[in-house]
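Open the model in your viewer and keep the selection tool at hand. Each stop below tells you what to select and what is there.

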Amino acid sequence: MGNKASTSQTEVEQIKEGEQVQTTQKKSSGMCGFWGKLSKMMKIIIICAIVLLFLGIFLVILFLVILPLTTKTALDVPEVQPAVTAGKPAGFTSRRMLRNGVLESDGAGRLLSGFVDTTTVSYKMGVIKERIFQAGPLQPEERLGMVDQRMTELKNRNEEENGRKCVREDPKVWKPSEVAGGFPDGTVFPMYFSCIEKMSEQLTVLFGLKDDYAYIAEIQNYGQNGGDNPTMAVLAKSTKDGDQVEVWQINLESSTSSTWGRLSAKKADKMLEMSVGSQGANVGVGCGFRMNSKDSKLWTVAEFNSEGGNGGSYSCGTNSTSICVDASSSSFSELSDSDCSGLNSFNLGEITYSILSTGSYHNNAWKLISESGVDGLGLTDFNVYNDGL
């Protein structure tokens with residue numbers, strides 16, 4: 001009895017397996033039958049559709065994944081000097097100038113002693129020209145021109161092989177005002193970098209792009225008493241087309257003296273605004289200097305007596321002067337205040353000898369330069385190539 005039951009069960013299982021095989025065969029036969037019923041043209045169309053589908057998937061992977069990893073990204077950081085040059089009044093361009101009809105510059109931009117009258121418009125404009133644009137610690141045109149030259153070098157190096165890895169990476173925020181312990185006008189000036197390049201033991205360059213802006217920083221450290229080699233920071237932000245530029249320049253002349261300058265320029269509008277102050281004596285306009293210009297019309301507020309001409313003493317806070325000037329040529333001519341309507345208010349904050357000295361901003365300058373914290377941002381070194389896959 002037991003053997004019969006076992007045999008019966010085996011037969012049942014075999015029957016079920018046979019039915020499953022028959023079902024599978026029928027389905028397969030049905031598929032083949034369906035394919036067999038198709039016309040030759042329809043078969044070609046279906047095969048082509050399948051090929052195109054896989055080709056499309058491959059192209060998506062190629063363009064979205066493979067090529068971005070193996071193709072260099074252009075380093076689209078604009079030049080920052082041209083906007084400042086465009087906004088600088090034409091009268092500050094020539095190397096020599098007249099004061100009261102007498103040539104009082106040595107041709108190298110340095111002022112000579114023995115001024116006839118330090119109250120004249122020509123004298124005051126001469127101080128601005130000599131101390132801001134031709135000499136002095138800032139010289140924004142020359143300094144920004146050097147920044148542009150270094151960026152051009154980096155752009156050319158980025159064209160090598162597959163480019164540099166950091167150029168395609170997301171930028172990271174750096175807040176120099178927090179690092180320094182505050183800027184003299186109380187502003188916050190966040191910057192965004194993706195690349196860092198240590199061009200020498202003293203000079204570090206950082207740059208990056210975020211949204212509609214490009215950011216460049218140069219930090220140069222020759223110690224608290226750098227002498228002829230300035231210890232300084234240049235922090236620049238510009239629109240990607242280079243039309244609008246904002247710059248901070250921070251110079252440390254010694255362990256007790258610093259110069260801070262901020263500018264804003266719009267190339268298309270030929271506008272330039274500046275605010276400068278210094279802790280150093282005999283610096284021309286170091287007590288505090290502000291200017292706003294457009295199309296060579298200039299409004300400025302400064303203490304021009306800080307030059308100390310004609311035996312004058314260095315005494316800030318005693319002789320602030322505001323003046324509207326036609327600066328289209330080096331002859332300069334004073335205008336009425338109403339001629340500078342629209343220029344006689346400032347967007348940039350005030351920076352003065354008093355603010356810098358009272359706040360001991362030489363310490364802030366040194367902290368920013370010596371303890372920048374940029375190494376802690378985790379930026380990829382510019383010398384690392386993009387290796388693709």
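Select glutamate 246 and arginine 262, which form a salt bridge in this predicted model; the closest N and O atoms of the two are 3.5 Å apart. The pair links distant parts of the chain, with glutamate 246 in strand β9 (residues 244-254) and arginine 262 in strand β10 (residues 257-266), 16 residues apart. Arginine 262 is at 11%, so it counts as buried. Side chains of opposite charge can pair when their charged atoms come close.

**Other salt bridges**

The structure holds 9 salt bridges. Next, select arginine 150 and glutamate 218, whose closest N and O atoms are 2.6 Å apart in another salt bridge. Arginine 150 sits in helix α5 and glutamate 218 in strand β7 (residues 213-220); the pair links distant parts of the chain, 68 residues apart. Both of these residues are buried.

Now select arginine 164 and glutamate 160. They form a salt bridge too, with 2.9 Å between the closest N and O atoms. Arginine 164 counts as buried because its relative accessibility is 5%. Glutamate 160 is at 35%, so it counts as partly exposed.

To see a network, select Glu153, Arg157 and Glu197 together: salt bridges link the three residues.

**Helix α5**

Select residues 140-158, which make up helix α5. How far does α5 reach from its first C-alpha to its last? The helix has 19 residues and reaches 27 Å, close to the 27 Å expected at 1.5 Å a residue. Colour its buried residues; among them are Pro140, Leu144, Val147, Met151 and Leu154.

**Helix α8**

Go to helix α8, residues 361-370. Select Tyr361, His362, Asn364, Ala365, Leu368 and Ile369, which are buried. Why do they lie on the same side of α8? They cover an arc of only 160 degrees around the axis, which puts them on that one side. An α-helix has 3.6 residues a turn, so residues three or four places apart point the same way.

Methionine 41 is found in helix α2 (residues 40-70). Its relative accessibility is 55%, so methionine 41 counts as exposed.

Select threonine 239, in strand β8. What does threonine 239 touch, not counting residues up to four places away in sequence? The contacts of threonine 239 are Pro78, Asp212, Tyr213 and Gln244. This threonine is buried, because its relative accessible area is 13%.

Then move to aspartate 228, in the loop between β7 and β8 (231-239). At 79% relative accessibility, aspartate 228 counts as exposed. Select glutamate 253 as well; its C-alpha is 9.5 Å from that of aspartate 228, while the two residues are 25 apart in sequence.

**Two positive phi angles**

Most residues other than glycine have a negative phi, and most peptide bonds are trans. Select aspartate 295, a residue other than glycine whose phi is positive, near 50 degrees. Aspartate 295 is in the loop between β12 (289-294) and β13 (297-302). With a relative accessible area of 52%, aspartate 295 is exposed.

Select phenylalanine 332 next. Its phi is positive as well, about 55 degrees, although it is not a glycine. Phenylalanine 332 lies in the loop between β14 (321-326) and β15 (333-335). Is phenylalanine 332 buried or exposed? Its relative accessible area is 8%, so phenylalanine 332 is buried.

**The whole chain**

Finally, clear the selection and show the whole chain. How many helices and strands are there in the protein chain? There are 8 helices and 16 strands. Of the 389 residues, 43% are buried. The accessible surface of the chain comes to about 19,600 Å², and carbon and sulfur atoms account for 52% of that surface. Among contacts between residues at least 6 apart in sequence, 59% join residues at least 24 apart.

Conventions: Residues are numbered from 1 along each chain as its sequence is written. This is a predicted model: local features need pLDDT of at least 70, side-chain atom pairs count only at pLDDT 80 or more; totals for chains, interfaces and linings use all residues. Side-chain values use heavy atoms; hydrogens and water are left out. Buried means under 20% relative accessible area, exposed over 50%, partly exposed in between (1.4 Å probe, protein chains only). Helices (H or I, at least four residues) and strands (E, at least two) are DSSP runs, numbered from the N terminus. The arc is that of the directions from the helix axis to the C-beta atoms. Contact means heavy atoms within 4.5 Å. Accessible areas come from the Shrake-Rupley method with a 1.4 Å probe; for residues, only the protein chains shown count as cover. The expected span of a helix is 1.5 Å times one less than its number of residues. A salt bridge is a side-chain nitrogen of Lys or Arg within 4 Å of a carboxyl oxygen of Asp or Glu.
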